[in-house]
Amino acid sequence: MPDTLKSIAVLTSGGDAPGMNAAIRAVVRKGIYHDLKVYGVKRGFEGLIHGEFREMNLGSVADIVHRGGTVLMTARSPEMKTQEGQQKAIEQLRMRGIDGLIVIGGDGSFRGAQALSAQGIKVVGVPGTIDNDIAGTDLTIGFDTAVNTVVEAVSKIRDTATSHERTFIVEVMGRDCGSIALQAGLACGAESILVPEIPFDLDDIITKLRRGHRRGKNHSIILVAEGAGSAYKLGEDLHTRSGFDTRVTILGHLQRGGNPSALDGVLASGMGGKAVEILLAGESDMMTAYVNQEVTGVPLSIAFGPRRPFNRALYDLAGELAI
Ligand code: ATP
């Protein structure tokens, strides 16, 4: 271990995601295990700039591993995008003798981390966002839980859809990434899955609904990622063009909450621990990643590179299974 590393800090930034608490716990406990002083920074970069630090002990992270949200809270900080804001953040860290910063968040948060790294702060990013839209890692913390939340919600919606013989259009999160819609749609057998990556054809959807209807199917679920188009407009168009009784449900922020799934708990613990290991090894400007079922470290810049392509094969399979 380079003998310079004595104190580290951890913050959560951007949208919250289930499993962030498990990652915080892992950072704090692994850090303390290695005799580091560990600070928690409240409210992301906003708290970093304004000095909202508190020294963490083993008890600070007791009883949080299974809880959604983030005990450190999160915020968006426009000030962090300015040189002045970044200077204030750096001063806050230097004033306390903090040698390394772990940023748990999405790619926006990683831009902030990268800016600090460029100015001499040792940083490691931990990908925490339900969207699973960060390049260089197969999974981000929170994605699996969000998919499970959608599957659970859709199974409840299906009960009422069946009883009333309705077509339900369920909007899920994903402004420019259809991963939640795709995985949840396949897992819950949605009749159609609409994602931002692939344009949809209303006629195809209607043809499929009619075909199902002819063979006695009395309800349908259409899962729409928010970036694929307006769920309400789709509902109206479908009703006008086909006569099917449609209803729209927007799952919204429900998808951000809840206890992390076992997979997210394991992933978050692994990534939090790995982030500390990276700092202990004297490395910086890195991101923890899940690659081929292993938690590893990759350069932070990979997060801003080309994203893994949309899983077209899985999307086509979902279409084939929902004939
Ligand atoms: P999510 O994927 O859940 O939206 P995110 O981390 O991408 O998470 P953002 O709102 O994009 O969320 O970014 C979080 C914070 O990161 C911003 O409020 C800002 O403080 C910081 N940030 C974003 N972009 C930059 C940048 N270019 N330079 C410095 N800081 C940035």
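Colleague: How many salt bridges count between domain 1 and domain 2?

Modeller: The model is a predicted one. Between domain 1 and domain 2 the count is one salt bridge. Arg256 forms a salt bridge with Asp16, and their closest N and O atoms are 3.4 Å apart. Five residue pairs are in polar contact between domain 1 and domain 2, with both residues at pLDDT 80 or more. On the side of domain 1 that touches domain 2, the residues comprise four nonpolar, four polar and five charged.

Colleague: Where do the two domains lie along the protein chain?

Modeller: Domain 1 consists of 7-142 + 260-304, and domain 2 covers 145-256. The contact draws 13 residues from domain 1 and eleven residues from domain 2.

Colleague: What area do domain 1 and domain 2 bury between them?

Modeller: The size of an interface is often expressed as the accessible area lost when the parts come together. Here domain 1 and domain 2 bury about 840 Å², with 51% of it on carbon and sulfur atoms. Within domain 1, Asp16, Ile130 and Asp131 lose the most area to domain 2, together 50% of what that side buries.

Colleague: Why does the radius of gyration of the protein chain agree with that of a compact globule?

Modeller: For 323 residues a compact globule would have a radius of gyration near 20 Å, and the protein chain has 22 Å, which agrees. The C-alpha atoms fill a box of roughly 70 × 35 × 35 Å along the principal axes. The centres of domain 1 and domain 2 are separated by 35 Å.

Colleague: What does the secondary structure of the protein chain come to?

Modeller: The protein chain has ten helices and eleven strands.

Key. Residues are numbered from 1 along each chain as its sequence is written. This is a predicted model: local features need pLDDT of at least 70, side-chain atom pairs count only at pLDDT 80 or more; totals for chains, interfaces and linings use all residues. Side-chain values use heavy atoms; hydrogens and water are left out. Domain bounds come from an automatic or database domain assignment. Contact means heavy atoms within 4.5 Å. Buried area is the accessible area (1.4 Å probe) that two parts lose on being put together, summed over both. A salt bridge is a side-chain nitrogen of Lys or Arg within 4 Å of a carboxyl oxygen of Asp or Glu. A polar contact is a pair of N or O atoms within 3.5 Å; within protein, one must be able to donate a hydrogen and the other to accept it, and residues adjacent in sequence count only if both atoms are side-chain atoms. Ala, Val, Leu, Ile, Met, Phe, Trp, Tyr, Cys and Pro count as nonpolar, Asp, Glu, Lys and Arg as charged, and the others, Gly among them, as polar. Helices (H or I, at least four residues) and strands (E, at least two) are DSSP runs, numbered from the N terminus. The radius of gyration is taken over C-alpha atoms; the globule rule is 2.2 Å times the number of residues to the power 0.38.
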